[in-house]
Amino acid sequence: MAYDNRRNGPIRGGYGGGQRGGPPPLPKAAEPKALPEDYVTLAEQAVQQLDRNRGGRFTLTTSKIRSILAMVSEVYNEEMASSAPDISADSAAKLRRIHVRLVYEAGREPAVKNLVEKAELLAYLKGIGSSREAFLRYAGYLEALTAYHRFYGGDN
């Protein structure tokens, strides 16, 4: 049985050592959102809101943000060769895998979660649908996020 240093006796209750209310609430699922035409300004604002450590450096490393960009760049290269208005079925499947990977990385590392939330990466990814134009804009947004992260002091 566990004892709490603040009082005599065992800790009672479930979550939080006696706090009422149960487990913390689950985060809301991201609603699909269209990425605006002026995504570069949006990217700059998102990067400026990212968490920093006590030394003023970003908690998100350049290698983490570049790994996200690399996943999207693979699909981007395939879609640039196409002139169809919709993305291919293969690209759509890859975007679903990227969505899952973003969720996993965000759950694994708080700095990535901060980026995903501040930049609304999941909402904008869902907002692509099957539109090739929307996907190309999303890829440009990730590139802008990476550039501004580096510009404002992001490093490994």
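## Ground rules

Axes here are lines fitted to C-alpha atoms, for helices over the stretch in contact, and angles run from 0 to 180 degrees between N-to-C directions. Helices are DSSP runs (H or I, at least four residues), numbered from the N terminus.

This is a predicted model, where local features need pLDDT of at least 70 and side-chain atom pairs count only at pLDDT 80 or more, while totals for chains, interfaces and linings use all residues. Residues are numbered from 1 along each chain as its sequence is written, and side-chain values use heavy atoms, with hydrogens and water left out.

## H3 against H4

H3 and H4 pack at about 130°, with their axes 5 Å apart.

On the H3 side, the contact (heavy atoms within 4.5 Å) uses Leu102, Glu105, Ala106 and Arg108, and H4 brings Pro110, Val112, Lys113 and Val116. By type, that's five nonpolar, no polar and three charged. For the sorting, Ala, Val, Leu, Ile, Met, Phe, Trp, Tyr, Cys and Pro are nonpolar, Asp, Glu, Lys and Arg are charged, and the others, Gly among them, are polar.

## Around H4

H4 covers residues 110-118, and Ala111, Val112, Asn114, Leu115 and Val116 in it are buried, as in under 20% relative accessible area with a 1.4 Å probe, protein chains only. Their cover includes H2 (62-80), H3 (89-108) and H5 (121-126). Just past the end of H4, glutamate 120 has a positive phi of about 55°.

## H1 against H6

H1 (residues 39-48) meets H6 (residues 132-151) at about 40°, axes 8 Å apart. These two are therefore oblique as well, and H1 passes H6 in a right-handed crossing.

## The core

A nonpolar core is a set of buried Ala, Val, Leu, Ile, Met, Phe, Trp, Tyr and Cys residues joined through side-chain atoms within 4.5 Å. The largest one has 37 residues, and Leu102, Leu121, Tyr138, Tyr141 and Leu145 touch the most other members. H1, H2, H3, H4, H5 and H6 each supply at least two residues, with H6 giving the most, nine.

Take tyrosine 138: leaving out residues up to four places away in sequence, this side touches Leu35, Val72, Leu102, Leu121, Tyr124, Leu125 and Ile128.

Terms used:
Angles under 35 degrees count as roughly parallel, over 145 as roughly antiparallel, 65 to 115 as roughly perpendicular and the rest as oblique. A crossing is left-handed if the near helix is turned anticlockwise from the far one by less than a right angle, and right-handed if clockwise. Buried means under 20% relative accessible area, exposed over 50%, partly exposed in between (1.4 Å probe, protein chains only).
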